[in-house]
Amino acid sequence: MFFNIQDILNSRKRELGQPISTPEALVLRGFLKCPKCHRSLSGSSSKGKQKYFTYYHCTSACGIRFRSEKVNEAFALELLSYLPRNGFEEIFIETIADAYQNQVGSILDERKVYSKQIQDLNKKIEKARDLLLDNDIDAIDFRAIKNECSEKISIAESKLSELHTKNKAVLNIRPIAERAIKNLTNLDLFYENSSVEGKRYLVSCLFPEKMEYDGDRYRTLL
């Protein structure tokens with residue numbers, strides 16, 4: 001529900017690529033590929049002597065089948081490898097902030113360039129007006145200079161307006177980066193405490209190209 005509300009507030013609907021509804025025991029169904037034939041692993045339950053057992057299995061004749069409990073536990077351990085090591089939080093924040101400021105800085109530099117162009121062109125018109133008053137140029141020459149400069153000013157002002165619109169979208173990136181690294185630090189707990197829908201949403205964001213599980217460890221397909 002939280003993620004659906006966020007999509008509505010942001011006027012978008014995220015396509016996960018996989019049905020979000022599935023039994024909790026098969027929370028990774030649709031995100032795993034067969035280590036032998038590379039088809040998507042399905043999942044189902046089978047009745048044992050006393051109870052039902054759930055498996056992730058391949059739909060081909062390769063015979064790949066894994067107990068869902070083992071697969072899910074291995075994935076929870078896999079998430080631990082994505083947690084940032086102690087002391088890396090500030091490095092992460094500084095790196096993101098510097099990269100963003102470099103990108104934003106180019107916008108500010110362009111604004112200075114166009115502002116200087118407008119200022120110089122207005123000075124050129126003023127100089128031409130002084131020459132006209134001193135009878136150093138005639139009215140036709142003055143009009144030609146003014147029209148040329150005015151056209152260039154209009155173009156520069158249009159570019160400046162575009163940059164102003166972009167500048168409005170500039171964010172205070174540091175607190176966003178701080179929240180991101182905090183969430184990443186607690187990634188395993190966030191996953192563990194999420195609903196099935198939340199877990200599948202998180203998996204779809206982390207591994208859009210799916211994963212392979214060979215019975216022991218995971219391998220991403222990027």
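Helices and strands are here DSSP runs, helices of at least four residues and strands of at least two, numbered from the N terminus. The close-ups below come from a predicted model.

**View 1. The loop around Asn 135, between helices α3 and α4.** Asn 135 is found in the loop that joins α3, residues 89-133, to α4, residues 139-168. Its phi is near 60 degrees, a positive value in a residue that is not glycine. Most residues other than glycine have a negative phi. Because exposed stands for a relative accessible area over 50%, Asn 135 counts as exposed at 69% relative accessibility.

**View 2. The loop around His 38, between strands β1 and β2.** The loop that holds His 38 runs between β1, residues 32-33, and β2, residues 42-47. His 38 is not a glycine, although its phi is positive, at about 70 degrees. With a relative accessible area of 42%, His 38 is partly exposed, since that term covers values between 20% and 50%.

**View 3. Helix α2, residues 68-80.** This helix has 13 residues, which at 1.5 Å a residue should span 18 Å, and the C-alpha atoms at its ends are 19 Å apart, in agreement with that expectation.

**View 4. The buried face of helix α2 and its other side.** Ser 68, Val 71, Asn 72, Ala 74, Phe 75, Glu 78 and Leu 79 are the buried residues of α2. Seen down the helix axis, these buried residues fall within an arc of 160 degrees, so they line one face of α2. Glu 73 and Leu 77, on the other side of α2, are exposed.

Notes
Residues numbered from 1 in each chain as written. Predicted model: local features only at pLDDT ≥ 70, side-chain atom pairs only at ≥ 80, totals over all residues. Heavy atoms only, no water. Expected span 1.5 Å × (residues − 1). Buried < 20%, exposed > 50% of the residue type's maximum accessible area, 1.4 Å probe, protein only. Arc of directions from axis to C-beta.
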